[in-house]
Amino acid sequence: MTAWQSGGAPKVLKETTLASGTHITLYTGKPAWDTSRTYGWAEVQFGAGVTKGRVWLRAEENWGDGINITTTLEHPRSYRDTTGTTGMFPYSTSIPQGAYTNSACVTDGAQRGCVASYGADVVPAGPCEGWCSDADPDAIPASDWSYVDRPDYDRAELPSGAFVQQVDGRLKQGSYLGWAEGGLPAGGRFWLEAWQGEGRWGPVYTAFAPAGASRTTTGSTRAYSWLPELRACVSDGTGTLCTRDEDTAATAPAAAPCAELPCTDIDPASVTEWMPSYKPTVVEDANIFQGGRLKIYQGRPAWDPHHMYYWGEAELPPGRDDVSATLMRHPSGGADSRTTRPEPLPGARLTASGTTRMVALDPLSKDEIAGLVVDGKEWAFATQQGNNIDKSWTTGPVGPCAPGQRCEGVLPGSVAAWASVATDWATVALPGGARVTLAGSRPRWSVSDYYAWARTDSPGVTAWLEDRQPGGSYTKVADAGTMKATDGRAVRACISDGATTKCTTPLG
């Protein structure tokens, strides 16, 4: 940026420094080319020796309903792993009109610092971010804990002296953990059990599946934080005892219809009993106005307390070509090509109205369920993600290839509408002044893929688009002016006049 509005030059909003010397600064400014909005961005200087650093912008969704949700801003220019500056994004702290950038965070692998208009804080990064699916409580330094609690009422002891102590703790970075500590002087076992709800004869607990949740020697189990409630049990030759409610035993589940869990190819209508609190529920609804519809159900059969099962119920218009409904899954980081594209689940596709078979997702895999419905004219996509509004979906027209697939050979000028404004990501110039620009965005007809392309108006030169391969080398993937589906971070635009070749710097 070289030109700013009068009184809108970059201003330091807040800054902080980590122990490694890593420094983050949050800026706001009003560029001359946009007189209606203020923009925010972050600048980071990583300390010497920092090899696992990252800076990222955060956005706050404000729709005027009093429920403001802070999320990581997902855009190729919203974060970086090297010293420098992020891209600029609309900034606001109060306007109830959408999602606005208003804070930023940085980590050096040991600490995490966040800055916003109201202040700055630095906390230990801890052994994990957010929820811990499997952590060793004995390996976590005492300085990382906010507290560790070992209440007497959460201890069970057998006549032999074997005991189990249920432990709860909270890390300074925010995660709540639960685990068990036990002593086994004469052999035996202690383990964790997960609460499943109120059953026919009282609370229902079942043994927690991960191998680290059980021990046959004195010590500590692994620690977990995604479960709603835990209890601990101990057993040896003298008996079995559990914490919490000693008179409540785990209810044996009904016999599973398969020899090994999770079961596959199961008709949801064949399930006669569901786990308490996990009866079939519609969790997402991909709905095309006066067109196709796919409702995604979630439930946990009584015969499998360890997996969540999903299935789809489709309403597809008869008499149209190219209609379908497909269940998909994707990692929790995102549902588009900037992270990992959603992939169809095997055996979960319908081409006429009906119900799919059940598919299972492991709660520890962090995979999310999603669904795509196509009615021949439009498509609708819905995904179950942490901060999503309940039963929200996106829609778009059918494009030059089947919805959900990568389209090849498309020209940017042929795209009638974009899901977001087509953005110039980077530019590089030859000594003679010829330039090439790396641009990208997502067309409205694209379900999850972002596209990039190389653009040049300079005569007498050759330009093209390259993408990084698994080994780290680059190869040409498209001629100038041709779109290519990509995550946007590893691509680069190149230009050559026959004597000199230059390429833009990749974004990630």
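A: What follows goes from the pocket to its lining and then to the salt bridges.

Some ground rules: this is a predicted model, where local features need pLDDT of at least 70 and side-chain atom pairs count only at pLDDT 80 or more, while totals for chains, interfaces and linings use all residues. Residues are numbered from 1 along each chain as its sequence is written, and side-chain values use heavy atoms, with hydrogens and water left out.

Let's take the second largest pocket, which holds about 330 Å³ of space. A pocket here is an open set of points on a 1 Å grid over the protein atoms alone, where a 1.4 Å probe fits and protein lies on both sides within 12 Å along at least five of seven lines. Points are joined across faces, edges and corners, and the volume is the space filled by probe spheres set on them.

The lining has 17 residues, and Ser324, Arg349, Ala402, Pro403 and Gln405 are the closest to the centre of the pocket. To line it, a residue needs an atom within 4 Å of a point. Strands are DSSP runs of E, at least two residues long, numbered from the N terminus. By type, the lining splits into eight nonpolar, five polar and four charged residues. Asp, Glu, Lys and Arg count as charged; Ala, Val, Leu, Ile, Met, Phe, Trp, Tyr, Cys and Pro as nonpolar; the others, Gly among them, as polar.

Aspartate 367 pairs with arginine 329, with their closest N and O atoms 3.9 Å apart. Because aspartate 367 sits in β29 and arginine 329 in β25, the contact ties together parts that are 38 residues apart in sequence. The rule asks for a side-chain nitrogen of Lys or Arg within 4 Å of a carboxyl oxygen of Asp or Glu. Both partners are partly exposed, aspartate 367 at 25% relative accessibility and arginine 329 at 36%. Partly exposed falls between buried (under 20% relative accessible area) and exposed (over 50%), using a 1.4 Å probe and protein chains only.

In all, the count comes to 14 salt bridges. Another of them joins arginine 150 and glutamate 181 at 2.9 Å, N to O. Here arginine 150 is partly exposed at 42%, whereas glutamate 181 is buried at 17%.

Methods
Helices (H or I, at least four residues) and strands (E, at least two) are DSSP runs, numbered from the N terminus.
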